[in-house]
Structure formats: structure tokens, C-alpha cells
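Subject: Structure handover

Hi,

Here is the structure I promised to pass on.

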Amino acid sequence: MFPRHAIAGLMVVFGMGCHAPGARAPAAASSPPSVRGIALPGAPAAGGVLMDYIAYDRAHDRVWVPAGDTGSVDVLEVKSLKVTRIEGFPTTEVERRGRKRTVGPSSATVGEGLVYVGNRGDSSVCAIDAASLHKRDCLRLDSMPDGLAYVAPTHEVWVTTPRNQSIVILKAQPGGLTAQGKITFEGDPEGFAVDASRGRFYTNLEDKDRTLAIDIRSRKVVATWLPSCGEDGPKGLALDHDYDFLFVACPDHVIALDAGHDGKLLSSITTGPGLDNIDYVAPRHELYAAAARAGKLTVAKVDAQGNLTPVAVVDTAPGARNAVATDEGTAFVTDSPEGKLLVVTH
């Protein structure tokens with residue numbers, strides 16, 4: 001858990017840390033950014049809420065927030081900011097780095113009419129109706145799930161399970177989830193991005209400082225790239241499907257790789273320390289990267305050559321990370337120390 005801290009204020013910084021060749025200075029913002037905190041229901045008065053991966057459902061305009069130690073999943077309506085709580089998820093107490101904490105639902109991915117939620121509390125993945133929010137079937141895994149990604153061409157949910165150094169593959173059928181297989185690695189898988197049109201699944205090996213491209217049908221690794229993130233390794237991933245650019249989050253910066261041409265390094269942008277998962281909004285050609293230790297959200301434009309150019313750096317809060325964003329450019333960032341979801345416009 002990160003230290004508790006209130007939202008510090010708002011600030012836009014231009015030209016911060018961009019290393020792209022020939023990058024242009026960003027245009028001035030038309031209006032100042034804003035940050036609003038939405039308190040999660042059931043959040044304790046002290047200690048916050050342990051959050052990790054969140055997901056944006058474009059079809060229903062909702063943000064899904066697995067709320068960890070509360071044993072619930074909170075669903076936020078983007079337009080009204082109303083929160084609906086889905087309860088009844090098991091939790092358990094674990095010890096990490098000599099400190100005990102309670103874990104529960106921690107990740108979500110949007111499928112076809114269903115949202116899938118990974119729960120560290122009982123090592124399960126559950127399907128929830130995306131419209132009615134009714135919980136359906138759950139499937140227990142043999143290892144604690146981390147990230148989840150829906151793979152549309154094969155109607156599968158791929159689950160990173162770093163404790164077993166593997167990805168577990170689940171078949172998503174109308175009758176429920178069934179285990180389909182496992183891919184094992186010599187390292188800890190972290191992060192995910194899916195290219196449905198090209199049949200590729202991307203993940204990192206965090207402890208090996210590697211980024212992998214996997215064929216989703218053969219389930220074989222077809223390319224390995226060296227992001228050079230350092231000792232702490234690569235974290236989240238995002239993809240520009242049109243140009244086949246893969247964005248890799250390192251601990252304090254994001255790099256753009258040309259996934260269609262042997263993973264060539266195209267550009268890099270500094271964000272400050274504490275990066276984890278990142279998001280990319282294709283209609284806006286914008287990358288969203290929330291750095292927890294820096295307490296900042298960086299928004300960067302991507303051009304046709306893969307150059308990253310910052311357009312805004314917004315103060316959020318220490319510990320705020322794992323942004324997702326709408327097609328209109330509204331970002332949602334987890335603030336675990338305060339038990340809030342931050343709504344950021346720029």
C-alpha cells in the first residue's frame with residue numbers, strides 16, 4: 001500500500017521528458033485539467049482500498065473497479081458517476097514483505113456481453129453480465145490470478161499467473177468458463193495487450209526484462225524483445241492496432257516499439273517513477289500513463305512514426321496508478337491509499 005495523501009492540486013507541464021527524435025512542442029491546452037475523487041462504497045475510514053487492474057466497458061460506458069479487500073467489484077457509470085457495488089467475492093489474508101494484507105477481486109477484462117473478474121481471494125475468475133451486473137459462473141485456478149485479457153478471435157480469457165510463471169487460458173462459452181491450457185515461461189509474466197487482427201498476444205517477463213509476442217492460436221512465443229527497463233523490469237502494455245506500435249511501461253518511462261518490424265525502438269517518454277498498467281485510446285492517438293510514486297498522469301500523443309509527444313502532465317495523488325480512458329479523453333485512475341477512483345480531464 002502506498003502512503004495516504006490528499007490530491008495535491010492541478011498542474012500541466014509541457015515538454016516533459018520526451019526523447020522522440022524530432023518531437024514537436026505540444027500545443028497549449030484549451031482548458032485547465034481537473035481531478036475529481038469518487039469514494040468507493042465500503043471503503044474504510046483509514047487504510048484505503050487495495051486496487052490493481054481496472055477496465056473500461058465502451059459498449060456500456062462503465063468503468064469496472066475490482067475493489068480488493070472490500071470483497072466487491074464497483075461499477076462506475078461514466079456519465080452520472082453513479083457507483084453500483086457487486087458484493088460477495090471471497091477475500092483472504094496474505095503476507096507480503098513482512099506485512100499482512102487482505103486481498104480479493106483485483107482485475108477485470110471486458111468480453112462479449114460479459115466482464116470477467118480475477119479474484120486473488122480464492123484464485124478464481126468469475127463472469128458477470130455486462131448489462132445486468134449479475135454474477136454468473138466462477139472457475140477456480142491453481143494459482144492466484146494477476147492480469148486478465150479477453151482474446152476475441154478464440155473466445156478465450158488469458159490470465160497471467162506469475163507465481164506459477166504461466167498464463168492460464170480459459171474458454172469463454174455461454175455455458176461457463178472451462179480450462180483450455182497453460183503457457184509456461186522462464187520468468188514472471190506481467191502486463192498484456194491483444195492484437196486480434198494479427199493474432200498476437202503480448203506480455204512481459206518482469207524479472208527477465210523481456211517483452212514477448214505470442215501467437216494466440218499456436219500459443220508459441222514468436223518474438224522476444226529487450227525493452228531495457230532495468231532491474232525492476234517492464235510493467236504494463238498497450239497497443240496501437242492501426243500502426244502496430246506496442247507501448248511498454250518501464251518503472252519511470254514508456255517506450256514505443258514497432259511490433260510489425262522486429263520490435264524496433266521508436267521513441268520514449270519520461271513519466272516519473274511508479275508506472276504499472278497503461279492505456280491507449282486509438283481515436284485520440286493518446287497514451288495514458290499514471291505514475292504512482294510521482295503522483296502524476298502523463299498524456300502523450302502518438303504520431304504515424306511512433307513518436308510520443310506529451311500534451312499534459314496532471315497532478316493526481318501519491319499512489320494513484322493504472323489509468324484507463326474513454327474515447328472522449330476522460331481518464332480514471334485508482335487511488336488505493338484514499339479508497340477513491342480519480343476522474344481526470346485534460
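Let me start with a strand pair: β8 and β9 run antiparallel and are joined by five bridges. Helices (H or I, at least four residues) and strands (E, at least two) are DSSP runs, numbered from the N terminus, and two strands pair if DSSP finds at least two bridges between them. Across from Thr109 you will find Tyr116 of β9.

Before I go on, some housekeeping. The model is predicted, with local features needing pLDDT of at least 70 and side-chain atom pairs counting only at pLDDT 80 or more, while totals for chains, interfaces and linings use all residues. Residues are numbered from 1 along each chain as its sequence is written, and side-chain values use heavy atoms, with hydrogens and water left out.

**The two sheets**

β8 and β9 belong to an open sheet of four strands, in the order β8-β9-β10-β11 with antiparallel pairing. Its edges are β8 (105-110) and β11 (135-140); each has a single partner strand, so one side of each is left without a neighbour in the sheet. Direction ignored, neighbouring strands here are turned by 20° against each other on average. For such angles, axes are lines fitted to C-alpha atoms (for helices over the stretch in contact), and angles run from 0 to 180 degrees between N-to-C directions.

There is another open sheet of four strands, ordered β12-β13-β14-β15, again with antiparallel pairing. In this one β12 and β15 are the edge strands, each pairing on one side only. The twist from one strand to the next averages 25°.

**Two hairpins**

β14 (residues 166-173) and β15 (residues 176-184) pair in the antiparallel sense over eight bridges, and a hairpin joins them through two residues. Val168 has Lys182 as its bridge partner in β15, and Ile167 stands opposite Ile183 of β15.

The other hairpin is made of β16 and β17, with four residues between them. Gly199 in the turn has a positive phi of about 70°. The two strands pair in the antiparallel sense over five bridges, with β17 covering residues 200-205, and Pro189 has Leu205 as its bridge partner in β17. As for β16 (residues 189-195), seven of its seven residues are buried. Buried means under 20% relative accessible area, exposed over 50%, and partly exposed in between (1.4 Å probe, protein chains only).

**Rings**

How many aromatic pairs does a search of the whole structure find? The count is six. Rings of Phe, Tyr and Trp (its six-membered ring) pair if their centres lie within 6.5 Å; planes under 30 degrees apart count as stacked, over 60 as edge-to-face and the rest as tilted. One of the pairs is Tyr116 with Tyr150, stacked at 6.1 Å centre to centre with 5° between the planes. This pair links distant parts of the chain, since Tyr116 is in β9 (residues 114-119) and Tyr150 in β12 (residues 148-151), 34 residues apart. Tyr116 counts as buried because its relative accessibility is 4%, and Tyr150 also counts as buried, at 12%.

There is a charge over a ring as well: Lys135 lies over the face of Phe89, at 3.9 Å from the ring centre. The test is that NZ of Lys or CZ of Arg is within 6 Å of the ring centre and within 35 degrees of the ring normal.

**Pocket and cavities**

The largest pocket has a volume of about 1,600 Å³. It is lined by 43 residues, and the closest to its centre are Arg96, Arg97, Arg101, Asp276 and Arg321. β6 (92-96), β7 (99-103) and β8 each supply at least two lining residues, with the largest share, five residues, coming from β7.

On a 1 Å grid over the protein atoms alone, a cavity is a set of points where a 1.4 Å probe fits but cannot get out, and a pocket is an open set with protein on both sides within 12 Å along at least five of seven lines; lining residues have an atom within 4 Å of a point. Grid points are joined across faces, edges and corners, and a volume is the space filled by probe spheres set on the points.

The search also gives two cavities of 30 Å³ or more. The largest cavity has a volume of about 40 Å³, and its lining includes Tyr116, Arg136 and Asp137. β9, β11, β14 and β15 are the elements that give two or more residues to that lining.

Cheers
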